[in-house]
Amino acid sequence: MYLGVDYYPEHWEIDMIDEDIKGMKNMGVNIVRIGEFAWHLMEKKEGEFDFSFFDMVIEKLKSQDIQVMFGTPTATFPAWLVKKHPSILSKDENLQSRVFGGRRQYCYNSEVYKEYSSKIVTKLIHHYRDEKAIISWQIDNEFGHEGSDMCFCENCQEKFQMFLSEKYKDIEEINKVYGTIFWGQTYNDFSEIPTPLKTITTHNPSLQLDWARFKSHSLNNFSKEQIKLVRGLKGGHQTITTNVAGGFFNKWFDHEENVKDLDFVSYDNYPVWGGLKEPLPRAEIAMNLDFIRGLQDKNFWIVEQLMGAQGHTVIGYLPRPNQAKMWSYQAFAHGCTNMLYFRWRGMTRGAEQFCFGILDHDNRCGRKYNEVKSFIDEISDNEEVFDSEIKSEIAVLYDYDNIWSWKFQPQSIGFDFNKELMRLYTPFYNLNTNIDVIPAARDFTKYKILLIPALQIIDRELGSRLESFADQGGVIVFTFRAGIKDKSNNINFKEIIPCSVRTMAGIEISEIESLQPGQEVDIVGQGPFKGRIGKCEVWRDLILATDAKTLYKYNDKIYGNKACITVNKDGDGEVYYIGGGINIDIIQEIAEDIVV
Ligand code: GAL
């Protein structure tokens, strides 16, 4: 089991390194991650490669039997590179170029950036391929984080048009699928197609979804090329990973695709960041870990585990004594097998002065040091337990096309996909169940219960897989807007909502209402839930229960005859449909019925 810290020896006086490593060793550390932002240190001038600083650091670590994860440095490029090639910079939706400073400002479609990245990475791996102490390579740092997955530059526009022409072949086809007859947007040629920059009102929804897919493809292309490069050069004893940042459902890339070629997934676990006055609810921290485990359907590493308060310009909640240690245990309980803490010591200069580490700026081994030390002591004895596979009978299904589709058209100002997912996940989490969070395209036949929040894009193929899942005894819980759209982000025609899942749900929906922030409607329990009352926010589907049983109805004069929550026996299974943003207490009782 590897337990360690993220260390930036280049930030400090050289004569502090021995002392630092002694402190780490004393804490029980057996791995250190280094290098991921140090391109300039390794290539001060173009073509002049020098790894002597890290050679020295690695020798010192080796003398204490500490191993190394080395980060390829492409997340922060040197100033000389952008001076020579400003075209590597990404542009925002106002076509404003991001400037040097900050980090991750490169465009994934820049051939120049790819060339320079390949050069430094090739030299680096070549230099260290036989270094026994380096046991793993981390590719880049947090792909797509902090808005870096979105670039609208001219190069991206040209590649987007190529992407579309490869996908649709014929301009008439794209006109048909997008429905460009609407607002007279018909194209004669792929070169006329815009990127969805700022315009008056909104772009075509199919175009927007293709744009999101293209962005995802661009990022994943870059990362896959990097992984392939490292794989071809590295030593046989070295593995490859990348560190996935939180906030998955706000990102513009498909995470499963991103990690496909890695040996294992790594995660950066920050239960509190920036100006939050409280940490994320424990269910949400757990869901994030389950999402990470779900990416390759196997256990994972954490290469940045929070110890102190964090933030670039503002900070918030201070993790209480032993709280960060508790979060470490929670991570291991959800499939983490190896853990590195961010970071050894807080930095006095640069953008992360307020990202506190194990040691603070006073450089004393205090409360946090002792906490990590005690954690390392305790956890090391239980390696076998934590290496074992986690088996779940419940899965949450998500799909990036669907998430992006919601981003472009939230339909209600109050809609937030993460919130809707947590509304379903939390009640099952509260029952102490193991839950996998997986893409909807994955084979889900091994599960007993599927939780499907706000999946508005459901094609025939997925519809029929869900149907047979229920037929064979599975339980499915859908929430509102299920199945209203097709893969092109268009609304299904001549179909009754919830379209391809309507028969299994045993319902029909002909009217809907978007509820605005602060607006709630009352719902009342029926049958087994008689006497219960609850609230519905964000959205409401006005359901006619054709075959299904009504569990809750709306409690208002006009729509009091319409159901809000239903359940239908379908084959040997059961299909629940929750027509709005219902308060968790109500869903909790339903979850208890399902799980028992
Ligand atoms: C992570 C990032 C680190 C550091 C840290 C600060 O997202 O990978 O480089 O910025 O946040 O909390």
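Me: Before we start, what counts as a polar contact here?
Reply: A polar contact is a pair of N or O atoms within 3.5 Å; within protein, one must be able to donate a hydrogen and the other to accept it, and residues adjacent in sequence count only if both atoms are side-chain atoms. This is a predicted model, where local features need pLDDT of at least 70 and side-chain atom pairs count only at pLDDT 80 or more, while totals for chains, interfaces and linings use all residues. Residues are numbered from 1 along each chain as its sequence is written, and side-chain values use heavy atoms, with hydrogens and water left out.

Me: OK, how far is the polar side-chain atom of Glu352 from an oxygen atom of the ligand?
Reply: 2.3 Å. Glu304 also has a polar side-chain atom 2.9 Å from a ligand oxygen, and for an N or O atom in the Arg103 side chain the distance is 2.8 Å.

Me: And how much of the ligand does the protein bury?
Reply: 98% of the 310 Å² that the ligand exposes when taken alone (accessible areas by the Shrake-Rupley method with a 1.4 Å probe; for residues, only the protein chains shown count as cover).

Me: Switching topic, which domains is the protein divided into?
Reply: Domain 1 covers 3-149 + 218-387 and domain 2 covers 394-595, with bounds from an automatic or database domain assignment. Their C-alpha centres lie 37 Å apart.

Me: How much area do domain 1 and domain 2 bury between them?
Reply: About 1900 Å², with 56% of it on carbon and sulfur atoms; that is the accessible area (1.4 Å probe) the two parts lose on being put together, summed over both. On the domain 1 side, Phe249, Trp252 and Met287 lose the most area to domain 2, together 34% of what that side buries.

Me: How many salt bridges cross that interface?
Reply: Three, by the rule (a side-chain nitrogen of Lys or Arg within 4 Å of a carboxyl oxygen of Asp or Glu). Arg293 and Asp436 also meet in a salt bridge, at 2.8 Å, N to O.
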